[in-house]
Amino acid sequence: MKTISMTCSAMMLCTSAIAGIDLSIEKDVVEIGVTAAVTKNTYLYIGGDSDNWTGIGLGYHTFINSNWKLASYYEYGLRDDWVLEELVGIDGVKTKTHLIDLSATRFFDGYSAKLGVTSEFVRNGFTWITVDDANKYSTYFAGAKYFQHTYLTTRFEYHYAEDKSDMLDFNQGQASEWELSMGTMRPIWHIYPYAKVSAFNPHGTYYGMTETNYSWTVGGRMSF
């Protein structure tokens, strides 16, 4: 989950960005991040996880009327270069990622629908040989149902990766991803908990993956 936290994303469907600390656990990876409002319409996110990833993001959102909200988000990330670490034994070299997310949300009475596109550019830490280099794109649709104190969301995302490395057809392919999440819209001791399950299904081969991957995430946001 190398984007703004699921809790923050869901809550911003109906409110402006809320300052807080996010903690999530996905299988054996723990991620923690801080979101803070910069202005009425912009927010800053800084986070990292136990898989040696760190990132900083800047988001913007605005209501064009009472029914429509537009949002954009940019994130710069660094993570360990797995090729050099596992195959060559060189530690400390980072792979750079640039993520852009653009979306539009339509609000109804007790519901909302969100449509968005993403672009992520992955580049190796070294330049003399490129292995984990790719342009990754996706389009997604999400729907949310709001109850009195909780929300339920579902999301479908289509992924496409274009290989830019020196390894022919190493990082490319297509995949589909389904997500289902549930959380609270009111805090429990200043914490907004949530839970999410997802299935990532490659169409043949996607970025080295050939089988469907199922995962779960639990976490929450502490507001301040």
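**Reading strand pairs, salt bridges and rings**

Modeller: Lys136 stands opposite Ala161 in strand 9. This is a predicted model, in which local features need pLDDT of at least 70, side-chain atom pairs count only at pLDDT 80 or more, and totals for chains, interfaces and linings use all residues. Residues are numbered from 1 along each chain as its sequence is written, and side-chain values use heavy atoms, with hydrogens and water left out.

Colleague: In which sense do strand 8 and strand 9 pair, and over how many bridges?

Modeller: A strand is a DSSP run of E with at least two residues, numbered from the N terminus. Two strands pair if DSSP finds at least two bridges between them. Here strand 8 pairs with strand 9 (residues 150–163) in the antiparallel sense, over 13 bridges. The hairpin that joins strand 8 to strand 9 runs through 3 residues. Strand 8 (residues 134–146) also pairs with strand 7 (residues 111–123), antiparallel over 12 bridges. Tyr111 has Lys145 as its bridge partner in strand 8.

Colleague: Which strands pair with strand 1?

Modeller: Strand 1 pairs with strand 2 (residues 29–37), antiparallel over 7 bridges, and 7 bridges also join strand 1 to strand 12, again antiparallel. Gly20 stands opposite Thr35 in strand 2, and Leu23 has Gly220 as its bridge partner in strand 12. The hairpin of strand 1 and strand 2 has 2 residues between the strands, and Lys27 takes a positive phi near 55° there.

Colleague: How many salt bridges does a search of the whole structure find?

Modeller: Side chains of opposite charge can pair when their charged atoms come close. The criterion for a salt bridge is a side-chain nitrogen of Lys or Arg within 4 Å of a carboxyl oxygen of Asp or Glu. The search finds 6. One of them joins Asp22 and Arg221, with the closest N and O atoms 2.6 Å apart. That pair links distant parts of the chain, with Asp22 in strand 1 (residues 20–26) and Arg221 in strand 12 (residues 213–223), 199 residues apart.

Colleague: Are Asp22 and Arg221 buried or exposed?

Modeller: Buried means under 20% relative accessible area, exposed over 50%, and partly exposed in between (1.4 Å probe, protein chains only). Asp22 is buried at 3%, and Arg221 is buried at 1%.

Colleague: What are the closest N and O atoms of Asp80 and Lys94 doing?

Modeller: Asp80 and Lys94 form a salt bridge, with those atoms 2.6 Å apart. Asp80 lies in strand 5 (residues 68–80) and Lys94 in strand 6 (residues 94–107), so the pair ties together parts that are 14 residues apart in sequence. Asp80 is buried at 14%, whereas Lys94 is partly exposed at 33%.

Colleague: What does Arg155 meet?

Modeller: Arg155 meets Glu157 in a salt bridge, 2.8 Å from N to O. Glu157 is buried at 7%, while Arg155 is partly exposed at 23%. A charge sits over a ring if NZ of Lys or CZ of Arg is within 6 Å of the ring centre and within 35 degrees of the ring normal. Arg155 lies over the face of Tyr140, at 3.9 Å from the ring centre. The charged end of Lys145 sits over the ring of Phe147, 5.6 Å from its centre.

Colleague: How many aromatic pairs are found?

Modeller: Rings of Phe, Tyr and Trp (its six-membered ring) pair if their centres lie within 6.5 Å; planes under 30 degrees apart count as stacked, over 60 as edge-to-face and the rest as tilted. The search of the whole structure finds 6 such pairs. Among them, Tyr43 and Tyr73 are stacked, 6.1 Å centre to centre with 10° between the planes.

Methods:
Helix = DSSP H or I, 4+ residues; strand = E, 2+ residues; numbered from the N terminus.
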